[in-house]
Amino acid sequence: MKSEPKTAKTLFRSDAMQRIMAFGALIVLSIGFSLASPYFRTFDNFVGILLATAVNGVLALGVTFVIITGGIDLSVGTVMTFSAVMTGVFVTNMHLPIPIGILGGILAGSTAGLVNGLMISRMKIPPFIATLGMLYATKGLSLVISGLKPIYFNDTPIFREIAMGSVLGRVIPGFEVPNAVLIMFGAAIIANFILARTILGRYTFALGSNEEATRLSGVNVAVWKTAVYLLSGLFAGLAGVLMAARLNSAQPALGAGYELDAIAAVVIGGTSLSGGEGSILGTIIGAFIISTLTNGLRILSVPQEWQMVVTGAIVVLAVFLDILRRRR
Amino acid sequence: MTNLSTVSGKPELLLRMEGIYKSFPGVQALSDVKFDLHYGEVHALVGENGAGKSTLMKILGGIYHKDAGRISLEGKEVEITSPAMAQQLGISIIHQELNLMPHLTVAQNIFIGREPRSKPSFIVNDKATNEQAERLFGMLNLKLDPNTKVADLTVAKQQMVEIAKSLSFNAKILVMDEPTAALTDTEIDELFRIIRQLREKGVGIVHISHRLEELKQISDLVTVMRDGKYIDTLKTGEASIDQIISLMVGRTIFEATPELPENPSQEVVLEVRNLNRGRVLKDVSFDLKKGEILGFAGLVGAGRTEVARAIFGADKYDSGEIYIKGQQVHIKSPGDAVTHGIGYLSEDRKRYGLALGMDVKENVAMAAMKKFLSRIGWVDFKKISVRGDDMVKALNIKTPTLEQKTKFLSGGNQQKVVVGKWLTADTDILIFDEPTRGIDVGAKSEIYKLLNDLVHQGKAIIMISSELPEILRMSHRVVVMCEGRVTGILNAGEATQENIMKFATMRSSVIQPSS
């Protein structure tokens with residue numbers, strides 16, 4: 001029985017409107033840069049943006065879940081590197097078949113996520129602190145395990161194809177979109193399904209909306225919270241595999257800092273840090289806004305340092321606009 | 001649901017609680033309390049603040065464990081060890097702070113933890129969830145859309161969601177804690193319609209409320225509790241409001257003849273006119289005379305602390321005027337208030353009155369640091385020590401040294417430190433919010449003596465208190481508030497426990513004192 005009138009106000013404040021506005025911002029940016037520079041509006045550059053978004057996009061998917069529960073995961077960047085290193089160990093050092101290596105990498109990330117989840121849900125350590133600890137731990141582990149040197153995948157050239165090859169290009173000639181991009185979109189579709197249609201997704205929102213009420217309703221909060229952080233680690237693991245494939249190597253010194261781009265993407269995409277709401281679509285749009293911005297500014301010869309200043313400003317602006325939208 | 005209420009024409013006993021005892025550190029919350037509930041009965045539970053109503057219901061709901069006593073449900077004795085178990089037994093409690101997830105939809109809230117699944121089972125079936133919710137709404141004729149986010153609903157509708165959720169657990173007992181507090185009259189009518197329908201179905205309903213006229217409308221029986229004890233149960237139809245009130249307050253007060261300080265002067269030091277703040281304060285007006293202790297009585301939520309905070313600049317208010325010694329003032333912050341000579345001793349002195357990690361002398365100096373700065377701005381610790389010493393002697397504060405951290409002092413002495421702070425800040429108008437809360441009997445009389453000394457010296461005091469004996473003993477006049485309004489201003493002569501309680505539960509109309 002329908003009874004709540006949908007006023008203009010509720011529509012304006014709704015989640016759908018937020019995503020429309022984010023998408024609108026992306027379009028405006030793209031049009032702006034296209035007009036500003038001919039180099040921006042080429043197919044190759046467009047593909048370049050897609051590729052640049054791939055790793056961060058996958059990383060941001062897992063972070064979306066965590067932030068919706070009202071938590072935070074600072075470790076995703078270094079867990080990603082850790083997973084890349086482990087993949088390198090499995091494939092190059094231990095000569096295991098590539099699929100096993102990939103699974104191992106993802107498993108490594110998931111394990112880190114599991115440990116995060118247990119620290120947070122059982123030991124009641126605040127997410128900021130627990131994941132900060134994991135950040136340092138995995139950073140160190142990456143260096144220890146790799147012996148401070150990059151691990152190359154030269155013995156297994158197929159590995160690189162996972163990210164940089166183009167299945168799409170073989171099917172549709174002229175459409176040389178790297179596989180990494182497809183993997184990102186595929187992962188996003190799965191993440192969206194989990195968030196919107198499964199019990200894990202439902203409890204992710206419930207925890208972020210009112211954890212105490214969820215607990216009092218008989219839901220095992222500890223188990224589901226752990227599951228969310230495990231998922232974050234899993235996506236970080238996948239991102240690690242992807243990054244290793246892109247660079248054809250596992251670089252133990254990289255990674256720290258990626259978590260900030262991931263969190264920025266989630267926040268720009270409309271997920272609130274206080275929890276209870278958010279979407280995968282928003283996160284993907286957020287990730288594209290960041291990479292479009294970075295790409296466009298670079299093409300316009302804006303120095304890298306200034307690109308970062310702009311990104312920072314955009315993050316704050318995005319959240320502020322969202323706060324305004326909600327208040328009105 | 002078939003009508004479970006009668007067997008051979010008389011309502012069957014659904015719930016019996018007897019001999020319930022419950023204590024918390026320092027206070028015996030319940031002593032030998034009993035409570036009976038029948039099928040299809042609306043049973044009101046009333047009592048002052050601290051009477052034990054919420055505690056009793058929390059025991060029923062598995063949130064607290066009783067120390068002693070028996071609970072029998074449908075003739076069988078039960079031990080209710082957790083909220084989940086209470087739910088399984090068919091006991092549903094709807095708290096004042098609703099237990100809902102605002103970002104989720106109505107249907108999702110109702111079925112959280114028991115979502116209907118699709119194939120494979122990790123996929124939730126929203127369609128089925130909505131359908132089951134609709135069926136639930138149909139049972140009580142609730143006008144709800146299962147797909148609306150709870151955050152977009154009014155409080156009244158949110159309550160309906162909680163009621164629907166209870167129904168979905170086949171609740172036999174529904175406890176509602178102050179359900180009408182946030183509702184409009186139309187919404188209250190709708191709520192009562194739903195309650196009547198539930199009654200038809202044989203559900204036993206416990207209705208906790210202080211709105212006595214409402215209880216006359218909807219309840220069959222009313223049980224009165226006082227000071228953690230069971231007092232009596234009356235048939236609502238046969239009882240008058242006055243009767244109920246006198247049961248709520250009737251106690252032999254050990255108050256000696258009120259040793260009130262000499263009569264205050266007629267000089268008005270503070271006047272408040274038409275103070276308004278949203279739904280919280282409505283047209284509050286009163287005045288305060290020099291040398292007077294003005295008691296503020298009322299039930300929890302009456303708005304007394306809100307008045308204090310508005311005067312003190314801690315909260316903004318929508319409209320109204322404040323005059324100090326005849327001059328209108330615009331107080332925008334506590335700092336302003338202090339400059340105008342107003343001090344506020346908050347309810348929760350540990351949270352708002354003291355810096356527990358700092359010592360006695362630092363706390364005493366805190367509201368008047370300007371006085372303790374040397375010419376170039378350094379803090380003059382020697383001056384602070386001298387002042388701290390003065391206060392300890394003047395107020396008889398029991399502390400081993402001035403350097404003792406205040407968290408180690410007893411409640412009574414902590415309170416004295418806070419008084420010392422406001423005296424150091426040269427305040428003439430002091431607002432005490434629950435001055436003797438958490439303080440043992442011996443220390444209480446010291447605080448009362450302190451209050452008397454202060455007004456002797458010409459200060460003016462507003463004393464907010466939920467303890468009626470305290471109000472009666474100490475106040476020259478009593479302002480009684482109910483739901484944001486001043487319902488009565490009584491002289492010492494007119495102020496009796498019954499009178500105060502009558503005004504404290506009166507939801508409309510204002511009566512001025514006769515003089």
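Predicted model: local features only at pLDDT ≥ 70, side-chain atom pairs only at ≥ 80, totals over all residues.
**Entry 1: H3 and H9 of chain A**

I started with helix H3 (residues 43-68) and helix H9 (residues 179-197) of chain A. Their axes are 8 Å apart and the packing angle is about 20°. Angles under 35 degrees count as roughly parallel, so I put H3(A) down as roughly parallel to H9(A). The crossing of the two is left-handed.

I then looked up who meets whom. From H3(A) come A:Leu50, A:Leu51, A:Thr53, A:Ala54, A:Gly57, A:Val58, A:Leu61 and A:Phe65, and they meet a set in H9(A) including A:Met184, A:Ala187 and A:Leu195. Sorting this contact by class gave me 13 nonpolar, 2 polar and no charged residues.

**Entry 2: H4 and H11 of chain A**

Next I took helix H4 (residues 76-93) and helix H11 (residues 221-247), again in chain A. Here the axes come within 7 Å and cross at roughly 55°. That angle makes H4(A) oblique to H11(A). I noted the crossing as right-handed.

On the H4(A) side, the contact residues include A:Val76, A:Met80, A:Ser83 and A:Gly88, while H11(A) brings in A:Ser232, A:Gly233, A:Gly237 and A:Gly240, among others.

**Entry 3: the core**

Which residues touch the most other members of the largest nonpolar core? I found A:Val58, A:Leu59, A:Leu242 and B:Ile461, in a core of 233 residues. H11(A) gives the largest share of this core, 16 residues.

Leaving out residues up to four places away in sequence, A:Val58 touches A:Met184, A:Ala187, A:Phe235, A:Leu238, A:Ala239 and A:Leu242.

**Entry 4: where chain A meets chain B**

I looked up the chain contact: 21 residues of chain A are in contact with 21 residues of chain B. On the chain A side, helix H10 (residues 199-216) supplies the largest share, with 9 residues. I sorted that side by class too and got 7 nonpolar, 9 polar and 5 charged.

**Entry 5: H8 of chain B**

Last, I checked helix H8 (residues 241-249) of chain B for burial. B:Ile244, B:Ile245, B:Leu247, B:Met248 and B:Val249 are buried there. What do the buried residues of H8(B) pack against? My list for chain B has strands S5 (42-46), S11 (221-226) and S12 (229-235), plus helices H7 (212-218), H16 (468-474) and H17 (497-504).

Note on methods: Residues numbered from 1 in each chain as written. Chains lettered and ligands numbered in written order. Axes fitted to C-alpha atoms, helices over the stretch in contact; angles between N-to-C directions. Helix = DSSP H or I, 4+ residues; strand = E, 2+ residues; numbered from the N terminus. Parallel < 35°, antiparallel > 145°, perpendicular 65-115°, else oblique. Left-handed = near helix turned anticlockwise from the far one by under 90°. Contact = placed C-beta atoms within 7 Å. Nonpolar A, V, L, I, M, F, W, Y, C, P; charged D, E, K, R; others polar. Buried ≥ 20, exposed ≤ 12 C-beta atoms within 10 Å, placed from the backbone. Core = buried A, V, L, I, M, F, W, Y, C linked by C-beta atoms within 7 Å.
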